[in-house]
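Hi everyone, thanks for coming. I'd like to walk you through a few spots in one structure, so let me put it up on the screen.

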Amino acid sequence: MIQRVTLLGLGAMGSRMAQRLLQAGYTVTVWNRSPAAAEALVALGARQALTPREAADGADAVIAMVRDDQASLYAWCDKDHGALLSMVPGTIAIDSSTLSLPTVRQLANACAAGGVPFLDAPVSGSRPAAEAGQLVYLVGGDEATFARAEPLLKTMGAAACHVGPVGHGALAKLVTNTLLGVHVTALAELIGMLRAQGAEPEAVLQAVAATPVWAPVDYYLSGSMLRAEFSPQFPIELMAKDFDYVVNAAGGIDRLPTAAAAREVFKLAIHAGMGQDNMTAAARLYENVPQQSASA
């Protein structure tokens, strides 16, 4: 039975996941590169460690929720401070970061060498979902390890979906984020076009929402754009990073031209200084599109 849990990475998502674990009665140890991020969790009963290695010592399960490939490899595999240095055979390693396929496979191999079962378990859901325990886990790994970890994952999420062997969780997350990003860029461009034509985007999109092409997430995305509310839930720079991962997984832009085109929109937004803003801030790129006549 899993009772002692380590959480590596206390950003917007990891800190909320750790809080859920504490509320559920788990014994929680936390680590973050910036130690100050752990203060609120320590006040709630977490133990703070100075390195991933120290944090993982004695854990039944270790969860990483960090920014990217480089941060994940440091947390698990650093030659001096990596968590795997103190993890004993049978301890479950779970990486919930959004990672590239090569890094997931590298982590799986490193875990296997130490007899540590590994799950790649990225999540769908932003900060409010993490706070409410409504994340959806997309899990790759063997079925027995998933069965052991499922109750733990459901402490932090509304669902845990086993999608196949190691690497398939990452694939499911990249597919999810690619679809999301394409929705973002399409809505951003279309709202700009509607305004340039003198139309009321709210009225047009309300009508479109009554058709089968409208996705549930489009309510949030278009609402954020129309109200110009861009406080970060999913920053543009992270969306661009995930598009890099999915284009590489596909073998290049020729294999994934739609995703590659959407990636360029987010990169333009980064160059425009919006990297830290919410993904929906991409709409700002199309705010000043010149109005066109109906015959143009």
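Let's begin at Gly273, which sits just after helix α12 and takes a positive phi of about 90°. Do keep in mind as we go that this is a predicted model.

Now step back into α12 itself. This helix covers residues 257-271, so to speak 15 residues in total, and it reaches 21 Å from its first C-alpha to its last, close to the 21 Å expected at 1.5 Å a residue. Which residues of α12 are buried? They are Ala259, Ala260, Ala262, Arg263, Val265, Phe266 and Ala269. Notice that an arginine, Arg263, is on that list. The cover over these buried residues includes α8 and α11, the latter being residues 236-250.

In the loop between α10 (217-227) and α11 you'll find Ala228. Its phi is near 55°, a positive value in a residue other than glycine. Is Ala228 buried, partly exposed or exposed? With a relative accessible area of 47%, Ala228 is partly exposed.

Last stop: α8 again, this time with α9. Helix α8 (residues 168-196) packs against helix α9 (residues 201-208) at an angle of about 130°, and their axes are 9 Å apart. That angle makes α8 oblique to α9, and the crossing is right-handed. On the α8 side, the contact is made by Leu187, Ile191, Leu194 and Arg195, while α9 brings Pro201, Val204 and Leu205. By type, the contact has six nonpolar residues, no polar ones and one charged.

Technical notes:
Residues numbered from 1 in each chain as written. Predicted model: local features only at pLDDT ≥ 70, side-chain atom pairs only at ≥ 80, totals over all residues. Heavy atoms only, no water. Axes fitted to C-alpha atoms, helices over the stretch in contact; angles between N-to-C directions. Helix = DSSP H or I, 4+ residues; strand = E, 2+ residues; numbered from the N terminus. Parallel < 35°, antiparallel > 145°, perpendicular 65-115°, else oblique. Left-handed = near helix turned anticlockwise from the far one by under 90°. Contact = heavy atoms within 4.5 Å. Nonpolar A, V, L, I, M, F, W, Y, C, P; charged D, E, K, R; others polar. Expected span 1.5 Å × (residues − 1). Buried < 20%, exposed > 50% of the residue type's maximum accessible area, 1.4 Å probe, protein only.
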